[in-house]
Amino acid sequence: MPAGLLALALLFAVCLHAQTALPLTLKNSIELAISKNEKLLSANETANMAKGKKTEARGKMLPSVSLSGSYTHINDNLDLEVDLSKMIIPMPNLTQRIQNENFWNATAQAEWVIFAGGRLWNGYKAAGHEENTAEIRKNAVKGEVAKETALRYLNCKLAQSVKEVQEQNLQTISLHFENAKKLEEAGQIALAERLRAEVALAEAKHNLEDAKRNAGLAKLALANSIKSDTNFTLEFSWKKTEPPAETQHLTEKIFSKNPLLLQIKSEENRALSGLSSDKGLWMPALALFGMKELYTKDLTILQPAWALGVKAQWNLFNGGISMGKYQASKAQARSLGYLQEQAKGDFELLAEKYLREWRTANEKLKSLEKTEELAQESLRAQTKAFAAGLATGLDVIDAQFALSRVALAKYASYFEAYSAIISLQELCGEAETLGEFLQ
């Protein structure tokens, strides 16, 4: 193959490999999931709908202007006839055309409600609170998506770490099995020792296959969140993160930024605006109006060319509908206030729960780090002793499996700590920043 074609082929292979192994950080995965999640796109449209309702409510406070036109055909001309034949001096009858049988109308009309007992203004405020609630809900969904993606990312990393442990476990057991075969052939160990190594090798292979399947499934779950294929590699390293010593700042952040609390508060404000609006149902409504005929050729002598005026409407009795709406709005506002206080207490307990889980996971990690050192030293000692005929194959196998169990427990503790952190971040309304916080 010519050197030029070979270089192109190598370049293509390198590009293809790069495409099939895109590096993916936790921050990138969260950003991708947020940009493509259908539930979040739906929440965004709900926010747009609330924004449209607010525009509608504002429009009710402004004057309305309309144009209308019509063409009409009636059964006959309308004439006014005055009989003058019976007068002292008889005269011919007078006839005045009032309306032709075919006529046109073109009218401009305007109306402006200038007072409605506060119903329009409070309706606009309620629509503003509804828009705010929709935006908060959108941010809450964004946080849910970020949390789900972060957990799937870390679960994928955990499955990958477990697979690596099982690969190392299989490599060590395989080496031990080969040594056992050589020692058996040399007559230094019994058949039972080699069989034990063979059984351990089969178990290690089985554990690795399970780990590979779990890693593949975890990768599929993450790919589903970011709407991608599985051609990526994770850029992430486990590290121990210390929880905050003071929890007061954490509690203040929850009370001021938690999406659910913000939603309840916004709904309470909307209910209070609705309550003020319902009070206006007992007040009269006043409106200015005006009209002007744009086409005056076919006007009758009874129709004005323009008119201005004021109209009022006062509903004195409607069967208790106004009172019922007022009582319902008042009860809703009180209910949301109670719900807000209950949620604050529940979130304080949740924050304490997650903090304890975080601390417990860190304590496990501290203990497992020391245990891992002992397990590694034990494996080295048992391997040397087996080669010298001072230990059995079972001792080596037990030491290797003990080391792998410690490694698996360590990664599980990392995941527990990170899960608690993710839950705390969501509780504080900061799930979107997980990529920076945990990376």
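I started at leucine 438 and looked up its partners, leaving aside neighbours within four places in sequence: they are Leu26, Leu154, Phe236, Lys239, Tyr418, Ile421 and Ile422. Contact here means heavy atoms within 4.5 Å. A note to myself: this is a predicted model, where local features need pLDDT of at least 70, side-chain atom pairs count only at pLDDT 80 or more, and totals for chains, interfaces and linings use all residues. Residues are numbered from 1 along each chain as its sequence is written, and side-chain values use heavy atoms, with hydrogens and water left out.

Next I checked the cores. I took a nonpolar core as a set of buried Ala, Val, Leu, Ile, Met, Phe, Trp, Tyr and Cys residues joined through side-chain atoms within 4.5 Å, with buried meaning under 20% relative accessible area (1.4 Å probe, protein chains only). The largest one holds 56 residues, and Tyr153, Leu154, Leu222, Trp238 and Leu438 have the most contacts inside it. Helix H9 (residues 393–427) gives this core its largest share, 11 residues. I also found a second, separate core of 21 residues, with Ile173, Ala180, Ala200 and Leu201 among them.

Then I stepped back to the whole chain. I count 10 helices and 8 strands, as DSSP runs (helices H or I, at least four residues; strands E, at least two) numbered from the N terminus. The radius of gyration, taken over C-alpha atoms, is 40 Å, well over the 22 Å from the globule rule for 439 residues, so the chain is more spread out than a compact globule. That rule is 2.2 Å times the number of residues to the power 0.38. Along the principal axes, the C-alpha atoms fill a box of roughly 160 × 70 × 35 Å.

Note on methods:
Buried < 20%, exposed > 50% of the residue type's maximum accessible area, 1.4 Å probe, protein only.
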